[in-house]
Amino acid sequence: MKRWIVFGVPLLAFVILVGFLFSGLFSDPRALDSQVKGKPVPDFSLPDLMNPAQTYTPDVFKGKVTLLNVWGVWCVTCAVELPYLTQLVEQEQVNIVGLYFDQDLDPDFGTKTIERVQQEVVEITSQFGNPYRFHIFDVFRDTSLDLGVTGAPEHFLIDSNGVIRMHHIGDINERVWKNKVGPLYHQLQQELAGQPQ
């Protein structure tokens, strides 16, 4: 019995560890189960980035299918995807709303002015494309945390009832749109069009 414990337990632990690591080799780190999928957008009340007097709540997602894009000017991949997102708006009339947060905006360590943030957003969208209907300004990143955001860019496909139907981590490019996000977006649009007015 002692011999089995001395050799068997470490061997069993080793086999379990190898199995766990091996499964990780073939998993997609962006295909995580989202805790918010199938749930309404978490409650928030946040300003418009370009017009802080305007305030948004989850009601802004009611009545239309929306692709919510979590992004910031500090995110290189966000800039890379802007031309394709702009193309989606121009060619397929995709409804895209930005959820913007700034890494350098921290009340404990000093903050940028809102004018400086606005200027940076205008500069990058002028250079790479502006697919956004408007930007919700996630000032303290609370809404991003409630959504389970781990970085940027991330995208949430929200149906016309304000329910999150998909959470995509990473950029949206032609392949991702055609194989993953686009089919569900168009399905939700068809369902919305079929609803009685």
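Guide: Here is the model, and it is a predicted one. Let us begin with helix 2, whose buried residues are Cys 78, Ala 79, Glu 81, Leu 82, Tyr 84, Leu 85, Thr 86 and Leu 88.

Visitor: What do the buried residues of helix 2 pack against?

Guide: The buried residues of helix 2 pack against strand 3 (66-71), strand 4 (96-100), helix 3 (114-128), strand 6 (154-158) and helix 5 (174-194).

Visitor: Why is Glu 81 called buried?

Guide: Glu 81, which lies in helix 2, has a relative accessible area of 1%, and the term buried applies under 20%, so Glu 81 counts as buried. Leaving aside neighbours within four places in sequence, Glu 81 is in contact with Asn 69, Pro 153, His 155, Gly 170, Asp 171 and Ile 172.

Visitor: What is the length of helix 2, and what span is expected for it?

Guide: Helix 2 covers residues 76-92, which is 17 residues, and from its first C-alpha to its last it reaches 25 Å, close to the 24 Å expected at 1.5 Å a residue. Just after helix 2, Gln 93 takes a positive phi of about 55 degrees.

Visitor: What makes Cys 75 and Cys 78 a disulfide?

Guide: The sulfur atoms of Cys 75 and Cys 78 are 2.4 Å apart, and the cut-off for a disulfide is within 2.5 Å, so the pair of Cys 75 and Cys 78 qualifies. The structure holds one disulfide. With 85 degrees about the S-S bond, the link of Cys 75 and Cys 78 is right-handed, and both Cys 75 and Cys 78 are buried.

Visitor: How do you know that Glu 120 and Arg 116 meet in a salt bridge?

Guide: The side chains of Glu 120 and Arg 116 come to 3.2 Å, N to O, and the cut-off is within 4 Å, so Glu 120 and Arg 116 are listed as a salt bridge. Both residues lie in helix 3, four residues apart, about one turn of the helix. An α-helix has 3.6 residues a turn, so residues three or four places apart point the same way.

Visitor: What makes Lys 178 exposed, and what is the label of Glu 174?

Guide: Lys 178 has 54% relative accessibility, and exposed means over 50%, so Lys 178 counts as exposed. Glu 174, with a relative accessible area of 44%, is partly exposed. The side chains of Lys 178 and Glu 174 meet in a salt bridge (2.8 Å, N to O), and, being four residues apart in helix 5, the two are separated by about one helical turn.

Visitor: What is the distance in the salt bridge of Arg 165 and Asp 159?

Guide: The salt bridge of Arg 165 and Asp 159 has a distance of 3.3 Å, N to O. Arg 165 counts as partly exposed at 28% relative accessibility, while Asp 159, at 8%, counts as buried. The structure holds four salt bridges, including this one.

Visitor: Why is Phe 61 called buried?

Guide: The relative accessible area of Phe 61 is 1%, and the limit for buried is under 20%, so Phe 61 counts as buried. Phe 61 lies in the loop between strand 2 (55-56) and strand 3. Among its contacts, leaving aside neighbours within four places in sequence, are Val 41, Phe 44, Leu 68, Ile 158, Asp 159 and Gly 162. Phe 61 and Gly 162 are 101 residues apart in sequence and 5.2 Å apart in space, C-alpha to C-alpha.

Visitor: How many helices and strands does the protein have, and what is its average pLDDT?

Guide: The protein has five helices and seven strands, and buried residues make up 43% of its 197 residues. The average pLDDT is 86, with 78% of the residues scoring at least 70. Over residues 23-32, however, pLDDT stays under 50, and for that stretch the model has five contacts beyond four places in sequence.

Definitions and conventions:
Residues are numbered from 1 along each chain as its sequence is written. This is a predicted model: local features need pLDDT of at least 70, side-chain atom pairs count only at pLDDT 80 or more; totals for chains, interfaces and linings use all residues. Side-chain values use heavy atoms; hydrogens and water are left out. pLDDT is the predictor's confidence in each residue, from 0 to 100. Contact means heavy atoms within 4.5 Å. The expected span of a helix is 1.5 Å times one less than its number of residues. Buried means under 20% relative accessible area, exposed over 50%, partly exposed in between (1.4 Å probe, protein chains only).
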